[in-house]
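Subject: Structure handed over, with notes

Dear colleague,

I am passing on the structure below, together with my notes on it. Please read the notes with the sequence and the coordinates open beside you.

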Amino acid sequence: MKMKEPDTFIPYARQSVSEEDISAVVSVLRSDWLTQGPAIVEFERSVADYCGASHAVAVNSATSALHIACLAIGLGPGDTLWTSPNTFVASANCALYCGASVDFVDIDPATGNMSIDSLTRRLEEAEKQGKLPKIVIPVHFAGQSCEMDRIAILARRYGFKVIEDASHAIGGRYQDTKIGASAFSDMTVFSFHPVKIITTGEGGMIVTNNKDLYDRLTLFRSHGITRDPAMMEGESHGPWYYQQVALGFNYRITDIQAALGRSQMNRLDEFVTRRNLLADRYDRLLKDIPLSLPLRRPEAYSACHLYVVRLMDGQDHLRVFNELRANGIGVNLHYIPVHAHPYYKGLGFKDGAFPEAERHYREAISLPMYFSLTDSEQDRVVETLGKILK
């Protein structure tokens with residue numbers, strides 16, 4: 001029986017913007033700089049210092065960040081990038097933007113992250129065929145780090161570079177290091193879309209400990225243009241002079257966005273702590289409902305961007321999803337496997353190629369998870385879900 005539709009809708013995600021955030025943005029609007037100014041440098045420094053990284057490059061989206069991270073490594077035609085099929089399409093599209101090929105590694109059904117066993121098998125096969133990837137992009141699904149120590153060992157053995165797609169994961173940790181320290185990778189990418197842990201409206205960032213990569217990233221972010229005499233050919237013509245020394249892009253973020261991001265960084269730990277408390281509470285409240293709950297590994301402190309449950313065999317995925325929405329619970333689904341999209345099928349990918357990611361898609365529902373979600377709202381989510389599955 002359909003329940004009565006409530007007066008209030010609980011979204012699956014929502015940004016939290018404080019008066020301090022608003023004041024930070026207003027201060028930029030009243031300043032001499034709206035873009036390419038000091039707020040960007042301050043934001044970059046705050047993220048780098050928080051993560052324990054040497055360098056940070058802010059850009060207008062995580063998609064742009066992934067693109068120029070691949071370019072900085074030198075990905076191009078004839079190369080291959082591997083990533084997870086359980087992600088947003090940007091994690092794979094970045095390879096195609098560079099003229100390279102893309103392939104996928106199936107997931108661990110317990111976490112939704114790239115399966116290390118699958119990765120190991122794929123690498124053994126690829127080595128025999130002479131088709132090893134140039135880059136592997138592990139995706140920290142729902143905010144929980146992949147098993148980066150094991151990926152780093154494989155990277156050293158097989159000679160590929162690693163870019164962490166941590167779009168879900170700023171504020172999380174792996175073992176004793178912050179995600180973004182890039183202790184096991186060449187670069188880490190963050191997203192600041194409004195549904196993420198902190199927001200700049202739209203925006204992204206790459207953090208790295210490699211100065212050469214940092215220099216290339218800053219070049220690609222802004223048209224491939226430099227004013228640094230050390231990077232130019234010949235002598236400067238005067239104080240106005242600059243040169244385009246690479247084919248770059250206009251991927252710059254504004255000072256307005258950066259000011260919001262810098263202010264949001266002040267509450268990052270608060271955001272992540274609350275999300276973990278909500279995840280713990282979901283674990284307790286849902287334990288007697290017939291669902292598969294997400295596994296959070298003890299060595300990985302998740303940023304808890306998402307709380308994804310999976311239905312059991314025989315439960316009607318579409319019906320449960322639609323009934324939750326009809327009763328004011330704004331659930332979502334993460335993700336349609338990348339290889340299942342028509343564009344990627346046009347590249348030759350087939351259904352059944354990555355069965356764990358496909359099974360995840362058939363069963364997964366993302367429940368509301370955000371900083372300002374109240375206990376009473378969470379109770380309503382659980383009560384509604386329990387009645388639907390009864």
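This is a predicted model: local features need pLDDT of at least 70, side-chain atom pairs count only at pLDDT 80 or more; totals for chains, interfaces and linings use all residues.

Helix pairs

Two packed helices are described by the angle between their axes and the distance between the axes. For helix H1 (residues 19-29) and helix H8 (residues 255-265), the axes come within 8 Å and cross at roughly 150°, and H1 and H8 are therefore roughly antiparallel to each other, the cut-off for that label being over 145 degrees. The crossing of H1 past H8 is right-handed. On the H1 side the contact is made by Glu20, Asp21, Ala24, Val25, Val28 and Leu29, which meet Asp255, Ile256, Ala259, Leu260, Ser263 and Gln264 of H8. Sorted by class, that contact of H1 with H8 holds seven nonpolar, two polar and three charged residues.

The second pair consists of helix H10 (residues 317-326) and helix H13 (residues 375-389), whose axes lie 10 Å apart and which pack at an angle of about 140°; H10 and H13 are therefore oblique to each other. Here too the crossing is right-handed, with H10 passing H13. The residues that meet are Arg319, Val320, Glu323 and Leu324 from H10 and Thr384, Leu385, Ile388 and Leu389 from H13, and by class the contact of H10 with H13 comprises five nonpolar, one polar and two charged residues.

Tyr50

Tyr50 belongs to helix H2 (residues 38-51), and because its relative accessibility is 16%, Tyr50 counts as buried. Which residues is Tyr50 in contact with, once its neighbours within four places in sequence are left aside? They are Gly171, Lys178, Met265, Leu268 and Asp269.

Cysteines

How many disulfides does the model contain? The count comes to zero. As for burial, Cys98 counts as buried at 9% relative accessibility, and Cys146 counts as buried at 1%.

Backbone features

Most residues other than glycine have a negative phi, and most peptide bonds are trans. Against that background, I would draw your attention to the following places.

His223, in the loop between helix H7 (211-221) and strand S10 (225-226), has a positive phi, near 70°, and at 31% relative accessibility His223 counts as partly exposed. Cys304 is not a glycine either, yet its phi is positive, at about 55°; the residue sits in the loop between strand S13 (300-301) and strand S14 (307-311), and Cys304 counts as buried, with a relative accessibility of 2%. Finally, the peptide bond that joins His334 and Tyr335 is cis, with omega about 5°, and Tyr335 is located in the loop between H10 and helix H11 (342-345).

Key. Residues are numbered from 1 along each chain as its sequence is written. Side-chain values use heavy atoms; hydrogens and water are left out. Axes are lines fitted to C-alpha atoms, for helices over the stretch in contact, and angles run from 0 to 180 degrees between N-to-C directions. Helices (H or I, at least four residues) and strands (E, at least two) are DSSP runs, numbered from the N terminus. Angles under 35 degrees count as roughly parallel, over 145 as roughly antiparallel, 65 to 115 as roughly perpendicular and the rest as oblique. A crossing is left-handed if the near helix is turned anticlockwise from the far one by less than a right angle, and right-handed if clockwise. Contact means heavy atoms within 4.5 Å. Ala, Val, Leu, Ile, Met, Phe, Trp, Tyr, Cys and Pro count as nonpolar, Asp, Glu, Lys and Arg as charged, and the others, Gly among them, as polar. Buried means under 20% relative accessible area, exposed over 50%, partly exposed in between (1.4 Å probe, protein chains only). A disulfide is a pair of cysteine sulfur atoms within 2.5 Å.
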